[in-house]
Amino acid sequence: MKRNALLFTALIVYSVFQLHYPLETGIPSVTLLNLLFILALGALLSEPDAAPMTTHRAYLKPALVLFLGAITLAFAISLAQGGGNRTMAIATYYKNALFFPLFYFLALRSRLDAARTRQMIVLILIVAAVGSLQAVRQGLDYGLANYHDARRASGPFGDDWRMSNRAGVYFAMYVPMFTALALMLKGWKLRRLAAVAAVPLVGLAIMFTYSRQSYGIALVGFALILLRRNLVLAAIMLAAMVSLATYLPDSVTDRVTSTEQRDAAGGTDVDISTASRWIIWGGGLRMWEEHPMGVGLAHFGENIGTYVPAFRGKDAHNFYVLTLCESGALGLLALLYLILRLFMLAVGLRRAAPPGDDEANALTGGFVVMVLCMAMGNLYGSAFFEGEIMGVFWLLCGFLERYFALRGHAAAPAEPVAAGDPAAQMAARYPLAARAAGIANLPSLAQDRRGARTRALPGAAAAGPERTP
């Protein structure tokens, strides 16, 4: 188990910092992250399971299989068209599209017990906080003068501005997690103090990325957690944020106000960057109308020029439009179904959290909003296949599902029925009669046997009840 924990630690840390510290393996299209995954899988298969979950159904499996099947069909269309000198690049793109969602299954079947699984969840949050600190340092190095495209922080995702939008989406996804922990944890212990410190830290990191979509995502995530916690507190905090907006650095104000610009006649219009996305999306819809099955995986850039010549070779800047154009309606429906299942998993975890467990309620409450932030992050960008952004998200999904499934096992273990105890055997077989007779300790046995009135995870057929009412 210790070896597994070490490998997962390396996988979590390097998933986020892989672009900042690239290490070559010498094998074409195989990265160090691929090797870490293989090592973790090998350790998983070679060690006994500390907490068996052989009967627990992976809740995201149907949606992931459908989505990856649609991506595979799009890859086949790409090969049928002939990739030429781009064949290797397309194959690598396809490998990444399949590879990172597998992190979910790896974490779910990690063979770690509940305590170590919780440690992995905490580590994911620590890595996000450390990445935020790195982005803040970069932003302070650039200075707070007027906004400039080349002075945008990317944190752990690079040394220049090119990954700043991706970094902003990554940090914004963790705003609800840290906010929920800061508000819902009881007392002022170290874990709550750390969460309280992480909220402004990740906020500053988002600010220094100058990603306008990330500003919006972070505000939505923050507001939803506040509303969930206390309506009056939400109103006070949001009013305070509005009043403090005038004290933001000039560079941030310049970036936000540049979205709306005035033309020579005095009218208002959006900036070129925003307008270009709408033009590309319109061209993408015309592309899909002519290619209902999709143009093939990684073929959007070389086809968009046919419909919008000025943006030849450009990305869609919207993963939903990109999926529709490359994988057709099947791919888009599969993607939406996957996001729906993610929401259902998050809500199921939220309901499975015991009311008196502040940490469990904070983690699951923040995760529900985190899924929404992830979905929003792909509206003005296409980071869904970016492993440095999404790799740890899939790990977090798997670890959270495993953690609550294991806690369900531990919360109400099945009590053995003694072979020589006729009353206990009769009560297990006829639970209602046992309850009417008032036989002690037998209602819980009946519930363990029939699974009645228990809080189980969605899809967790044999995960055991979370607790016995």
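This is a predicted model: local features need pLDDT of at least 70, side-chain atom pairs count only at pLDDT 80 or more; totals for chains, interfaces and linings use all residues.
Before you click on anything, one term: a residue is called buried under 20% relative accessible area, exposed over 50%, and partly exposed in between, using a 1.4 Å probe and protein chains only.

Residues are numbered from 1 along each chain as its sequence is written, and side-chain values use heavy atoms, with hydrogens and water left out.

**Stop 1: the whole chain**

Start with a cartoon view. You'll find 19 helices and two strands; these are DSSP runs numbered from the N terminus, with helices (H or I) of at least four residues and strands (E) of at least two. Of the 469 residues in the chain, 51% are buried. Take the contacts (heavy atoms within 4.5 Å) between residues at least 6 apart in sequence: 75% of them join residues at least 24 apart. The accessible surface, from the Shrake-Rupley method with a 1.4 Å probe and, for residues, only the protein chains shown as cover, comes to about 21,400 Å². Carbon and sulfur atoms account for 65% of that surface.

**Stop 2: a nonpolar patch**

Now select Leu66, Leu73, Met293 and Leu330, which form a nonpolar patch on the surface with about 370 Å² of accessible area together. Patch members have over 30% relative accessible area and no salt bridge; nonpolar side chains (Val, Leu, Ile, Met, Phe, Trp, Tyr) are joined within 5 Å, and like charges within 9 Å. Leu73 is found in helix α3, residues 61-81.

**Stop 3: helix α15**

Select residues 358-377. This is helix α15, with 20 residues. From first C-alpha to last it reaches 28 Å, close to the 28 Å expected, where the expected span is 1.5 Å times one less than the number of residues.

Zoom in on the start of α15. A side-chain oxygen of Asp357 comes to within 3.3 Å of the backbone nitrogen of Glu359.

**Stop 4: salt bridges**

Side chains of opposite charge can pair when their charged atoms come close. A salt bridge here is a side-chain nitrogen of Lys or Arg within 4 Å of a carboxyl oxygen of Asp or Glu, and the whole structure has seven.

Show Glu359 and Arg118: they form a salt bridge, the closest N and O atoms being 2.7 Å apart. This pair links distant parts of the chain, with Glu359 in helix α15 and Arg118 in helix α6 (residues 114-142), 241 residues apart. Glu359 is buried at 11% relative accessibility, while Arg118 is partly exposed at 30%.

Next, show Asp358, also found in helix α15. Which residues does Asp358 touch, not counting those up to four places away in sequence? They are Met184, Leu185, Lys186 and Arg191. With Arg191, Asp358 meets in a salt bridge (3.2 Å, N to O). Here too distant parts are linked: Arg191 sits in helix α8 (residues 190-209), 167 residues from Asp358. Asp358 is buried at 14%, and Arg191 is partly exposed at 34%. Salt bridges that share partners join Arg118, Arg191, Asp358 and Glu359 into one network.

Definitions and conventions
A polar contact is a pair of N or O atoms within 3.5 Å; within protein, one must be able to donate a hydrogen and the other to accept it, and residues adjacent in sequence count only if both atoms are side-chain atoms.
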